[in-house]
Each structure stands twice: as C-alpha cells, then as structure tokens.
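Hello,

Here is the structure I promised to pass on to you. Have a look at it first, and then read my notes below.

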Amino acid sequence: MRRAGPLPWLKPGVFVGALVPLAAILFRAWRGELGANPIAQALNQLGLIALVFLVAALACTPLKTSFGWTWPIRLRRMLGLFGFSYALLHVSTYAALDQVLDWHAIWEDVTRRKFILVGFTAFVLLVPLAATSTRGALKRLGYARWKRLHRLAYVAPALGVMHFTWRVKKDMTEPAAYALVLGGLLLLRAGVYLRSRPSAPLQPE
Amino acid sequence: MGRLANDPPASEITPEGLYMRRREFMRNAALFTATSTGVGSTLLWLMRGGRAEPKPSERAGGSDASEQQLAIARRGRYTADELLTPYRDVTSYNNFYEFGTDKSDPANHSRSLRPRPWTVTIGGEVHRPQVIDIDQLLGWFPLEERVYRLRCVEAWSMVIPWVGFPLGDLLERVEPTSRAKYVAFTTLLDAEQLPEQRRHVLDWPYVEALRIDEAMHPLAILAVGLYGKVLPNQNGAPLRLVVPWKYGFKGIKSIVKIHLTEEQPPTTWNLAAPHEYGFYANVNPAVDHPRWSQATERRIGEFRRRPTLPFNGYAEQVAELYAGMDLRRFF
C-alpha cells in the first residue's frame, strides 16, 4: 500500500474548509437569507474571499523563511487556485447577475470606473497564473521564466486591495486591515530579496 | 492453560500493523476535521467583516414600540403602480452609520436608541423658536401616508409607504423670518444610544440641510412611521426627513434640532467627500458618482437593474426649483 506523505490531512482539510464560503453563500441564497440585496451581498463576499486566498497564498513563503515551516508551501498552489476560483465567481456574478451580461454597461464600467478597472486587471493577471499552475507548465516554461511570471501573484492582490479600498464609501477599517497584512508580507519578501543580493564590491576611497 | 470460552479466536485478532493504522486513521480524520472546520469558520468570520454573529436578542424592531399602529388621516401615492418593498427589507437593509457601516447593522444594533422621551429644538431664523416634545409635535398635524420611491446614492432603491406630515407645515407654524434661506437638521449626539459615534467614521453629529424652497415643497415630509406603524429605531425613530427626489443620505434620521439659517449650512457627506457628494444631491442619472454609474439602480426585490429617473421620477413636481441651475456643477 502507498504510504501517505507527512500531514496527509492537511491538504484535504484546507480544501474542504475553502469550499465552506461558497457552500454558505449558495445555501443562504437558496434559503433567501442573503438579505434584501442578495446579488450585492454574494458579489461582495465572493470578492472578499478571493482576496483572502490571494493574501494567504503570499503568506506561505514568508512563513517558511521566518519560522522554517515547510507545510505552508505545500498549500500555496491550492490557495492561489482558490483565490482565482473565487475571483472568477466574483467576476461572473458581476457580469451575469449584476449586469445581466449587458456588455455595453460592463465595458463602460471597466473603462470609466477606476475601481472596476483595477479589479478587472487583477483578475486578468490571475488567468496566466492559474493556467501555468501545473507541473507540466512549469517544465515547459522553465523554472526561471515561470518564476518571473508568477511574480504577478504580488501584483494581483495589491490591485485587489486597491479595488476594495475604492469601493468602500467611508469606513476604511477593513480594506486597511488587508492592506496592512499585504504590505507586511511584501516588506518581508523585499527584505529577504535585498539580503540575498550580492553586495557591490567596496571601492577604495 | 486452556483458552477461555469468551476469548476471540486468534484469527479474529487485528494484526498489530493494521491496529496501528487504525489509530493513525482516527488521528488523521480528527486533524482533517479540525483543519476544515478551522479554515471554514475563519473564512465565514472574515466574510462577516471580522465580526461576531449578532445575537437575536440585540435585534431591534418588530417587537414593542415599533408595532404600534398610527392613525392615518390621508393617503397619497406618488409612485404610479410600483410594488411596495416588503416591510422586512425596508427595516433590515439600510444605512445608519451611527449603528455601523454594514447595511444589516442598523437592524441588528439599534436597540440602544430610546425614541421616547424625545424633544426637538426649533430655532434660528424663526419668529417662534421652541423646544417641543415629540408626542406634542405629532398632535399638531394630521398624519399622512406617502408612498415614495427611495433612491440610495449606492444605486439601490425601494418603494416605501412613509407616515408623516409636510415639513412645510411645521416651518409655517414656527414662522420663518425674511432672512431664513436654509433649513438645517441635526441628529442626536449620544454615544450611549448611537454607539458607533465613538468611532470617527463621519463627523458626528450627522447634519443635513435643504434650501428653504426645497423644505417648503409639499413632497418634503418629516416621517414618524412606515407601513402604518411607528418608525422603527433602525429607520430613524422617532423623526426623520424624507425628500424623495434626493439621494437617501439627505434623509437625516433621529432629528433633535431644526435650525433655520441665512447661510448654507454644512452637510455631513459633503464634508466627508466634497467631490463625491454635493449639497443638493438630487437624483440625477446624467451625473455619475465619481466611482460608479448613477444611470441605473437595483430596486430591492428585483433582479434586473432599472434605469434611474431624473429627480427620482419627481421631475414634474420639483424640476422648477432648479430652473437655470447647472446640475452638473450643483450636484
């Protein structure tokens, strides 16, 4: 019998947990418990969960470098793909339910509203990442190119936070919390990057 | 020694390896359950904006005072044949930032507001300034039901049967002076009753204002109820402004002060974001909010968005108030 790797419960556990928000939204929609404006409610919640996953995916490497934990790395791809999936559901809800596939209105929104343009860009950036998330794609691209492409994983959630901030009418507490976590993660990465760079040779004065 | 009769035969004893695997399986199953529950509930908590689920006991409305019926003398419908938004939606989905910024916060957290006893101070440029008890005020005017559209600046809308009286009737009674050009309104300032006033989301107290001719217009009313019942706390008990041709945020809630002035008074959302919210805030599909379109709206309860009408469909009655004004500039 094939012996399972270490922590065999980890990935399935996170996978099932990650489906809970979707299940909750569908269940509440079916029971009519999404409130008076169910489309807006589902739209906001799907977008928020997408952002949570994208930020969580970025936390994996810092957790390894800071604490030496390796298990988060094994979740990274799955977290990123969940981020993409929830973003896809968010965008589909907007296009199909909120705008009822009124392409003219959608085009106007994307081109004229800063916050929608930024959110849409974040989503578009996630598409090549999701498409090249397989081992095969990594091999085909070569590690260096794959890694360069996947730096977009930093850009997308940053745009996501911007999209969230511009959407909110006044109370910035929640977007600010995400901006803070994301900013912290980016700083950690920048620190590691700067330390790993060979320093310039000292010049005699 | 012989085998005891109750001992299981050797063939039924679980091999050691399998026994250990079973324990491992149980352990993994427990850890799997804990992980999925932990991840799932964390996500649900984040989905609620990082807040606890409101306790049913904290929810306002639907109980004591708000069930009280009001005696209605006259009925007027200003919505053609549009369906009324259900009472449940009107009282569970709205903005009242003094209770929180989520649209379910007012219904969930407005028990702390005490709408009785309540006094309203009327002063400024009037000949008969006074401090009146809300019940006395209610006795001054016959109550009317007015079915109005309400268009929120966030591009959703409702149709609400308000109960109240024309603001103009009250103003006439206190006799504005010739210098009275504007009417300013102030919400209660009391963090005990309006807990989110402890957080500086907006400049408290909430203030709003109308030009005197807008205030005297027969469509502008002070509401004390909806659906024939006393106004629930979350909708601005005991007294709120309703100006159906303007965005919802002009409809200031839980009013304690009405002050007539010569100069244009400050208004809360205009102070908070002057390029996004003007003094007039007339519903206008041609002038977008800087961040979103105002061309369409979602009527609560409907699936498809519907076009937004100039002055929220009341252009025939109110457009003349703004004759000659550039509504792009005075948004």
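B:Phe311 sits in the loop that runs between β13 (306–307) and α8 (315–318) of chain B; helices (H or I, at least four residues) and strands (E, at least two) are DSSP runs, numbered from the N terminus. Its phi is positive, near 50°, although B:Phe311 is a residue other than glycine. B:Phe311 counts as buried because it has 22 C-beta neighbours inside 10 Å. The cut-offs are 20 or more other C-beta atoms within 10 Å for buried, 12 or fewer for exposed, and partly exposed in between, with C-beta atoms placed from the backbone.

Before you go further, please note that this is a predicted model: local features need pLDDT of at least 70, side-chain atom pairs count only at pLDDT 80 or more, and totals for chains, interfaces and linings use all residues. Residues are numbered from 1 along each chain as its sequence is written, while chains are lettered from A and ligands numbered from 1 in the order in which they are written.

B:Ala155 also has a positive phi, about 75°, and is not a glycine. You will find B:Ala155 in the loop between β4 (144–151) and β5 (156–166) of chain B. With 18 other C-beta atoms within 10 Å, B:Ala155 is partly exposed.

Two cis peptide bonds may interest you as well. One joins B:Arg116 and B:Pro117, with omega about -15°, and B:Pro117 lies in the loop between α3 and β2 (119–124) of chain B. Another runs from B:Ala237 to B:Pro238, with omega near 0°; B:Pro238 belongs to the loop between β9 (229–230) and β10 (240–242) of chain B.

Now to chain A, and to α5(A). This helix has 18 residues and reaches 27 Å from its first C-alpha to its last, close to the 26 Å expected at 1.5 Å a residue (the expected span is 1.5 Å times one less than the number of residues). Its buried residues are A:Ile116, A:Gly119, A:Ala122, A:Phe123, A:Leu126 and A:Leu129. They cover an arc of only 140° around the axis, so they lie on the same side of α5(A); the arc is that of the directions from the helix axis to the C-beta atoms. On the other side of α5(A), A:Lys114 and A:Ala131 are exposed.

Finally, the two chains meet: 29 residues of chain A are in contact with 28 residues of chain B (C-beta atoms, placed from the backbone, within 7 Å). α1(A) gives the most to the side of chain A that touches chain B, with 10 residues.

Best wishes
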